[in-house]
Amino acid sequence: MNGGNGTYSYSKNSSIQREASIIVEALINEVIAEKLDIENISSTSNPIRIADLGCASGTNTIFATQNIIEVVEKLYRSKGFESKIPEFQVLFNDLPTNDFNTLFTSSLPSENNYFVAAVPGSFHGRLFPEASLHIVHCSFGLHWLSKVPEEILNKDSPAWNKGKIYYTSASDEVANAYASQFDRDVDNFLNARAMEMVSGGLMLLLTTAAADGVSRSEMSQAAAVMPVDTMASGAGAGAGAAVVVVLPFGTWT
Ligand SMILES: C[S@@+](CC[C@H](N)C(=O)[O-])C[C@H]1O[C@@H](n2cnc3c(N)ncnc32)[C@H](O)[C@@H]1O
């Protein structure tokens, strides 16, 4: 991911992700109001810790986390807990190579009402102490694999991709190798978060996907007509709820 603020930086080339986040903002607000168990967490939690996983260096992470804080504050007021509105800490996570300098010097407003910290490391493993996070947000990060699947690089494997990473026109073996790697990565992601989240917390995952039945070669044309889909499910030992907002390819362009 390109750092800085130059022409080819993520900062200057992430308006599509930003637009998608705007599309689902109302949904995310609704879900926080409905599912975040503030009766439970308000008695024990100060500060409320929000982790944005795969934050990059641009302003999208700032908008997303600021919005979450505003919605949580509103929720406290609407439930009559105004006097208990907690302090907030936002933990910005990305790979160690991320340009955290640009995040903190250009993207983060100089005045804000929350505490911040950078957490470099891979979200496929543990990043935070046990039962320490109240809200986890991750937008357009979960589809990043931890590595190229080994079979793809092995000339003797049916999944060898002849040195390419492109797979919409590759064999099923190649696509399956990527899919299996994704399964393993998501499993590791969820297991780590299950340890790190408090009971009654909330995980918000925003990602792209193709609907069942859409072939790899059809993806770019098919998605434009599909609705945004949501699904809610329990997410492991600590997490109160997980909401995955799936944006089929092309829905926001
Ligand atoms: C497309 S950007 C999304 C940035 C931001 N969340 C947004 O919505 O604009 C994906 C980010 O995920 C980060 N990322 C990829 N794999 C990661 C991992 N294993 N652990 C932490 N961050 C990761 C990348 O470095 C990149 O900054």
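**Entry 1: helix α4**

I started with α4, whose buried residues pack against α3 and β2. Contact here means C-beta atoms, placed from the backbone, within 7 Å. This is a predicted model, where local features need pLDDT of at least 70, side-chain atom pairs count only at pLDDT 80 or more, and totals for chains, interfaces and linings use all residues. Residues are numbered from 1 along each chain as its sequence is written. Element names follow DSSP runs, with helices (H or I) of at least four residues and strands (E) of at least two, numbered from the N terminus.

Which residues of α4 are buried? In this helix, residues 100–107, I found T102, L103 and S107. Seen down the axis, they fall within an arc of 105°, so they line one face of α4. The arc is taken over the directions from the helix axis to the C-beta atoms. On the other side of α4, N101 and T105 are exposed. For the burial classes, I count other C-beta atoms, placed from the backbone, within 10 Å of a residue's own: 20 or more is buried, 12 or fewer is exposed, and in between is partly exposed.

**Entry 2: helix α3**

Next I checked the length of α3. Its 19 residues should span 27 Å at 1.5 Å a residue, and the end C-alpha atoms are 27 Å apart, which agrees. The expected span is 1.5 Å times one less than the number of residues.

The buried set in α3 is N60, T61, A64, T65, I68 and V72. They cover an arc of only 120° around the axis, which puts them on the same side of α3. What do they pack against? I get α1 (15–35), β1 (48–53), β2 and β4 (133–139). R77 and S78 are exposed on the face of α3 turned away from its buried side. Just after α3, G80 takes a positive phi of about 80°.

**Entry 3: the ligand shell**

How many residues surround the ligand? I count 21, and the closest are G54, A56, N60, S139 and W144. By class, the shell has 8 nonpolar, 12 polar and 1 charged. Nonpolar covers Ala, Val, Leu, Ile, Met, Phe, Trp, Tyr, Cys and Pro, charged covers Asp, Glu, Lys and Arg, and the others, Gly among them, are polar.

The largest nonpolar core has 35 residues, and I50, V136 and L204 touch the most other members. Such a core is a set of buried Ala, Val, Leu, Ile, Met, Phe, Trp, Tyr and Cys residues joined through C-beta atoms within 7 Å. Strand β5 gives the largest share of this core, 7 residues.

I also looked at G200, which lies in β5. G200 counts as buried, with 20 C-beta neighbours inside 10 Å.

**Entry 4: positive phi off glycine**

Most residues other than glycine have a negative phi. A131 has a positive phi of about 50° although it is not a glycine. It sits in the loop between β3 (115–120) and β4, and is partly exposed with 14 other C-beta atoms within 10 Å.

For F140, another residue that is not glycine, phi is positive, near 55°. F140 is in the loop between β4 and α5 (150–153). Buried, exposed or partly exposed? F140 is partly exposed, with 19 other C-beta atoms within 10 Å.

Technical notes:
Near = placed C-beta within 6 Å. Contact = placed C-beta atoms within 7 Å.
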